Amino acid sequence: MEDDYLARIGKLIRDARQHRGWTQSQLAEALATSQSAVNRIERGNQNISLEMIARIGEALDSEIVSLGYAGPMHLRVVGGRRLSGSIDVKTSKNACVALLCGSLLNKGRTVLRRVARIEEVFRLLEVLNSIGVRTRWINDGVDLEILPPDRLELESIDADAARRTRSIIMFLGPLLHRTDRFTLPYAGGCDLGTRTIEPHMIALRRFGLEIAATDGLYHAQVDHEVRPGRPIVLTERGDTVTENALLAAARHDGTTVIRNASSNYMVQDLCFFLEALGVRVDGVGTTTLTVHGVPEIDVDVDYSPSEDPVEAMSLLAAAVVTESELTIRRVPIEFLEIELAVLEEMGVDCDRTAEYAADNGRTRLVDLTVRPSKLEAPIDKIHPMPFPGLNIDNVPFFAAIAASAHGKTLIHDWVYDNRAIYLTDLNRLGGRLQLLDPHRVLVEGPTRWRAAEMMCPPALRPAVVVLLAMMAAEGTSVLRNVYVINRGYEELAERLNSVGAQIEIFRDI
């Protein structure tokens, strides 16, 4: 009972710290204690006095810390409202986590601009802090500064935080250059079915990495004499697999050719970041990457990740489903062209501005204005393909859009084992979705959405799709335990409210 009480207090303190935008080290400094002590408190592994709770509340300017456990976050949605005005797309979640992992390559100071303040990033920061990397939010909490130690304290890794993010798998590529042996917890994240690390291992073995998996841990051993003597052919054109191979190749003293590589948005952002570190990458945007690695990287680098095309698709879907006129600014158009072509075939009325450059100087952006439209089901099925095809993470949004269209739409989500199943949660809100098999859903529209109270699906994109349907449904809906949404979106409810939604955040007391 006492352990559970301490764990609840620790989680509340962690949430308050992250809301303030502080690292564990910054809170430790304010309390005149150590980062490891703060880490133990937040994990519920240290007794804590009322005096210390009060000091923490004062330091974090969070009165709720002194009042008790707040419980999981829920959303109360008053639907049937039209959105209006304009909203900016935030920086890419998947690019930001790749760049955080990529910062382990650099012995110098790394500054990442406009980093997404999301749970996935917070988890990685906790892991980085636990192994001795100093991080702090600068420029009023907008940008992130990363300072590595001379030696990483891998034996002190925060296993709980690591297990809550699949991005931890991208530590393998940079860490194989830092040590001969290390241990990582199994990767976690969304519940999307079985996802093995074998494609990663096929690529990383070429750099001398071998892994034995036991007791929830990856035990890694590196033979630094092993070097890739011929092109690496990825067995899966996956984003994180490509990123891991890039991270391994970046500090390989030689030229590495990676074939069947993903050319998706987060991979391109990582390539641009590696170039800022002094690593030349040829073929960016294609499926063959040639990496001219350097054995040591010790530079002060300042980089701006690009905007998130999946968030842009989320906001576009919000406008379509709620029959609203909304301008979505800073849309990375290169990574949404197929989606927009399908939507225009379905009858979506939208305009786009001339293209302009993102802050990284490379990614092409536009502003999109979406208007209420009469939609028809597409003739062909909706299915993802590797870039430049329809993005895998954008497929779920077509479930809500297809439910708003006249006719039947077949959605084939062939990549993930479970995700199509979660889309049938829309039936609780009045949708007519028939699960044909674990990967195919038949959606019939149009839908008269109705309010409901339900638990959040355990997968990020289906969870947001449910939220969008609640915004379209007349009446008041409740979506419980939305941690998974906070993993991938920064202040989504508040930002949707800024353009006319009515979403209240609340917790069980």
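Biologist: Which residues form one aromatic cluster?
Modeller: Tyr 265, Phe 335 and Phe 387 form it. Keep in mind that this is a predicted model.

Biologist: How many aromatic pairs does a search of the whole structure find?
Modeller: The search finds three. One of them is Phe 273 with Tyr 303: the ring centres are 5.9 Å apart and the planes are at 70°, so the pair counts as edge-to-face. The cut-off for that class is over 60 degrees.

Biologist: Where do Phe 273 and Tyr 303 lie?
Modeller: Phe 273 is in helix α11 (residues 265-276) and Tyr 303 is in strand β13 (residues 301-303), so the pair ties together parts 30 residues apart in sequence.

Biologist: Are those two buried or exposed?
Modeller: Both Phe 273 and Tyr 303 are buried.

Biologist: And what about Phe 335 and Phe 387, what kind of aromatic pair do they form?
Modeller: A tilted one, with 4.9 Å centre to centre and 40° between the planes. Phe 335 sits in the loop between β14 (326-332) and α13 (337-346), while Phe 387 sits in the loop between β17 and α14. The two are 52 residues apart, and the pair links distant parts of the chain. Both Phe 335 and Phe 387 are buried.

Biologist: Which residues form a nonpolar patch on the surface?
Modeller: Met 385 with Trp 414 and Val 415. Together the three have about 250 Å² of accessible area.

Biologist: Switching to charges over rings. Which ring does the charged end of Arg 76 sit over?
Modeller: The ring of Phe 506, 4.0 Å from its centre. Arg 117 lies over the face of Trp 137, at 4.4 Å from the ring centre.

Biologist: Helices next. How many residues of α16 are buried?
Modeller: 13 of its 13 residues. Helix α16 covers residues 460-472 and reaches 19 Å from its first C-alpha to its last, close to the 18 Å expected.

Biologist: Why is α10 largely enclosed by the rest of the structure?
Modeller: Because ten of its twelve residues are buried. Among them are Val 241, Glu 243, Asn 244 and Leu 247.

Biologist: What does α10 reach from its first C-alpha to its last?
Modeller: Helix α10 (residues 239-250) reaches 16 Å, close to the 16 Å expected at 1.5 Å a residue.

Technical notes
Residues numbered from 1 in each chain as written. Predicted model: local features only at pLDDT ≥ 70, side-chain atom pairs only at ≥ 80, totals over all residues. Heavy atoms only, no water. Helix = DSSP H or I, 4+ residues; strand = E, 2+ residues; numbered from the N terminus. Expected span 1.5 Å × (residues − 1). Buried < 20%, exposed > 50% of the residue type's maximum accessible area, 1.4 Å probe, protein only. Patch = residues over 30% accessible without salt bridge, like charges linked within 9 Å, V, L, I, M, F, W, Y side chains within 5 Å. Areas by Shrake-Rupley, 256 points an atom, 1.4 Å probe, with all protein chains shown as cover. Salt bridge = Lys/Arg side-chain N within 4 Å of Asp/Glu carboxyl O. Phe/Tyr/Trp six-rings, centres within 6.5 Å; stacked < 30°, edge-to-face > 60°. Lys NZ or Arg CZ within 6 Å of the ring centre and 35° of its normal.
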